[in-house]
Amino acid sequence: MRQFTFMWFIENYSYCWHEPSEELLSPAFFVEIMQSTSWNLKIYPRGYEDPDFISLFLNRCEGCYGPKSIELNFKLSILDANGKVLESDEVEEHEFEKDESYKFINFSERFINDLGKKNEVLTSDILRVCCTMWVGEGKIDKEDFSCARTRIALEKISFIKIIENFSNLQPNEDKSFEVASISKNGLKCSGNIFLKRELYSVDEVVVEILPDSDSGHLITCQIYFLSSAGKEVECGKIDTRDYIHFSFKYNSFSFPINLGKDLFEKKHEYLSNDNLTLRCEFTFSNGIEFQRIEETFHDLHLTPFLREKLPNSIVPSFQAEATSVLKDFKNLYEDQILSDVQLKTINKTFPAHKIVLCARSPVFRAMLTTNMKEKIMDSIQVDDLDDSTIAQFLLFLYTDVLEDLQWESAMNLYYAADKYQVQRLKDVCTSFLITGLNRRNIGDLLILADRHQDSDLKTAVEKFICRRDKEIFCTDEWESFMDTNPQLAMRTMHIYLKNSID
């Protein structure tokens, strides 16, 4: 069975400006294991037909280079931040032609007034959409995964409006204002503040908003009045995100602001020299800030780390609050607070903490808890690793994070991970190296897998070679590899020939 999974993160989703029947497209994704076809997802935040529902389509791209038609199974889902399926629908053996969509018109009810459902679906205001496609039955022999991100651009504009001689404000006397962004898009907005007086009703102060932009969509407006001491009191707010029938671009709207009794009873505090000071804060959505494919994993089933990476990718990488513990441990490492052991290379000494080394590596645990010389001397000699590798290695032990990983550093870190039995780091490096395979570096990775007797890594390299036989075997790099590693080259070509016959 061949399976492909596509995760789409839509950031600032609640600020989608889309009106009913207006679509938001995902980045196009190319699926080699589905006969080299191209696809995208379409979401209608305010419905394709019914604005009370979110509509979700799977679409085969018009310019797809694959076959005229392809039959496959697929499932579309909306997930929460932990990967739990909240809404899903599945279709079996549907035949797609080029530029054809399968439409789930009423895929999910919009969570307009259900705050609990909104918080569950839109953790950090991110909508997580998952598409899984598969062909065949039984055990998975080909599995790829990719994730993409679309971010709705937001811009906030805040300004002060002073209404002089407020006590003398006459009914329907306009106090106009204009505000513009300094960004390239040139978002603009104007409006009026006036006293509204109707027969048999209490006077009220009204704000009228007049959006004026070809590229921006006014989503929210908050108004505060300021005391003489600078204290802010919220007095008015409008949020159009839950409106169904609303043109965000051109519609004007007005709403009363509540100034409360304090304003009039304590004029000396809030009306300095009889001037009412208001601070207005507008939030605009001005299109898509960026969208891109961020990660792709091929042969997902080959390596344990790749399998583990799939659910981990559901959680956005930028959740700063959730990673505060990692930041604390990084600071502990960088500041060298209460360090009690040293790792020594030929040129440099790296302070560390025994408890961290023992927790992350069974090899270090043995060194530091038995009567080995490292326990007695409180130092560990690592002459076979360079300074840069040790720095990255220690950072990973403290934070589970690798910074600026390159091919050569991944090879060195793989060696360190295997030596000190840090399986998590070994899996990360394995994933990185498999993803970066090409005809120029394949010999290096084959030697690495053979030296460390890593059957998973070796199988991945051999499969890569089998898929690109002529592209690899006819190169100068492979000829050089055969000269320097004849036994390994011979075994690899034997496997290739065996697979070709099978």
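Q: Which strands does H9 lie across, and at what angle does it run to S19?
A: H9 lies across S18 and S19, and its direction is about 5 degrees from that of S19. Axes here are lines fitted to C-alpha atoms, for helices over the stretch in contact, and angles run from 0 to 180 degrees between N-to-C directions. Contact means heavy atoms within 4.5 Å. Helices (H or I, at least four residues) and strands (E, at least two) are DSSP runs, numbered from the N terminus.

Q: Before we go on, what kind of model is this?
A: This is a predicted model, where local features need pLDDT of at least 70 and side-chain atom pairs count only at pLDDT 80 or more, while totals for chains, interfaces and linings use all residues. Residues are numbered from 1 along each chain as its sequence is written, and side-chain values use heavy atoms, with hydrogens and water left out.

Q: OK, back to the sheet. What's the strand order?
A: The order is S19-S18-S20, an open sheet of 3 strands with mixed pairing. Strand S19 (349-352) and S20 are at the edges with a single partner strand each, so one side of each has no neighbour in the sheet. From one strand to the next, the twist averages 20 degrees.

Q: How many bridges between S18 and S19?
A: Strand S18 (residues 341-344) pairs with S19 over 4 bridges, in the antiparallel sense. Pairing takes at least two DSSP bridges between the strands. Lysine 344, for one, has threonine 349 in S19 as its bridge partner.

Q: What does leucine 343 touch?
A: Leaving aside neighbours within four places in sequence, leucine 343 is in contact with Lys348, Thr349, Phe350, Ala352, Leu357, Phe364, Ile380, Val382, Ile390 and Leu394. In the largest nonpolar core, which has 56 residues, Leu343, Leu357 and Leu394 touch the most other members. H9 gives the most to this core, with 7 residues.

Q: Which residues qualify for a nonpolar core?
A: A core is a set of buried Ala, Val, Leu, Ile, Met, Phe, Trp, Tyr and Cys residues joined through side-chain atoms within 4.5 Å. Buried means under 20% relative accessible area, exposed over 50%, and partly exposed in between, using a 1.4 Å probe and protein chains only.

Q: What's in the second core?
A: That separate core has 39 residues, including Val31, Met34, Phe104 and Cys131.

Q: What happens in the hairpin of S6 and S7?
A: There are 5 residues between the strands, and glycine 83 takes a positive phi near 90 degrees.

Q: And what joins S6 to S9?
A: Strand S9 (residues 126-135) runs antiparallel to S6, with 7 bridges joining the two. Leucine 79 stands opposite arginine 128 in S9.

Q: How about H12, which of its residues are buried?
A: Ile442, Gly443, Leu445, Leu446, Ile447, Leu448 and Ala449. With 7 of its 10 residues buried, helix H12 (residues 442-451) is largely enclosed by the rest of the structure. Just after H12, glutamine 453 has a positive phi of about 50 degrees.

Q: Now charges. How many salt bridges are there?
A: The count is 14 salt bridges, taking a side-chain nitrogen of Lys or Arg within 4 Å of a carboxyl oxygen of Asp or Glu. Glu11, Arg149, Arg151, Arg292 and Glu294 are linked in a network of them.

Q: Where do aspartate 384 and lysine 419 sit?
A: Their salt bridge has its closest N and O atoms 2.8 Å apart. The pair links distant parts of the chain, 35 residues apart: aspartate 384 is in the loop between strand S20 (379-381) and helix H9 (387-399), and lysine 419 is in helix H10 (residues 407-419). Aspartate 384 is partly exposed at 36%, and lysine 419 is partly exposed at 32%.

Q: Last one: how many disulfides?
A: The search finds 0 in the whole structure, a disulfide being a pair of cysteine sulfur atoms within 2.5 Å. The sulfur of cysteine 221 is 5.9 Å from the closest cysteine sulfur, in cysteine 280, which is too far for a bond.
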